[in-house]
Amino acid sequence: MVELKADKDAETAIRQIKERRYAGALQHCKGAIILVGINYDKASKKHTCLIEKI
């Protein structure tokens, strides 16, 4: 599950996935669910990424 943000942070993206319970739609799937939060900084043109297994 991937959440993209601009000018925030990768932690905010992961938090949004959890707060809005997006992973609930995948509960019927077998195996681990991987959360990926990606933030893109418009000024520096760099990105940060956070990956979490639930």
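Before I start on the strands, one term: I call two strands paired if DSSP finds at least two bridges between them.

**Entry 1: getting my bearings**

I am looking at a predicted model, so I keep in mind that local features need pLDDT of at least 70. I looked up the elements and found one helix and three strands in the protein chain. Going along the sequence, I read the pattern as β-α-β-β. The C-alpha trace spans about 40 × 20 × 10 Å along its principal axes. I also checked how much is covered: of the 54 residues of the protein chain, 26% count as buried.

**Entry 2: the sheet**

Next I asked myself: in what order do the three strands form their sheet? The order is β1-β2-β3, in an open sheet with mixed pairing. β1 (2–6) and β3 (46–53) each have a single partner strand and stand at the edges, so one side of each has no neighbour in the sheet. On average, neighbouring strands here are turned by 15° against each other, direction ignored.

I then looked at β1 and β2 (residues 34–41): the two run parallel, and five bridges join them. As a reminder to myself, strands of a sheet pair through backbone hydrogen bonds, either parallel or antiparallel. L4 stands opposite I38 in β2, and the bridge partner of K5 in β2 is N39.

**Entry 3: the helix**

I moved on to helix α1 (residues 10–19), which lies across β1, β2 and β3. The helix runs at about 140° to β2.

What does K5 touch, apart from its neighbours within four places in sequence? I noted T12, A13, Q16, I38, N39 and Y40 as its contacts. I also looked up D41, which is 36 residues away from K5 along the chain; their C-alpha atoms are separated by 8.7 Å.

Most residues other than glycine have a negative phi. I found two residues here with a positive one. D7 has a phi of about 60° although it is not a glycine. I located D7 in the loop between β1 and α1, and D7 is partly exposed, with a relative accessible area of 43%.

K45 is also not a glycine, and has a positive phi of about 65°. This residue is in the loop between β2 and β3. Is K45 buried or exposed? K45 is exposed, with a relative accessible area of 59%.

**Entry 4: the chain as a whole**

I finished with some totals. How much of the contact in the protein chain comes from residues 24 or more positions apart? Such residues account for 43% of the contacts with a separation of 6 or more. The protein chain exposes about 4,100 Å², and carbon and sulfur atoms supply 54% of that area. For the charges, I noted 11 positive and 7 negative ones. Their mean positions are 5 Å apart.

Key
Residues numbered from 1 in each chain as written. Predicted model: local features only at pLDDT ≥ 70, side-chain atom pairs only at ≥ 80, totals over all residues. Heavy atoms only, no water. Helix = DSSP H or I, 4+ residues; strand = E, 2+ residues; numbered from the N terminus. Buried < 20%, exposed > 50% of the residue type's maximum accessible area, 1.4 Å probe, protein only. Contact = heavy atoms within 4.5 Å. Areas by Shrake-Rupley, 256 points an atom, 1.4 Å probe, with all protein chains shown as cover. Lys, Arg positive; Asp, Glu negative; His and termini not counted. Charge placed at Lys NZ, Arg CZ, Asp CG, Glu CD. Axes fitted to C-alpha atoms, helices over the stretch in contact; angles between N-to-C directions.
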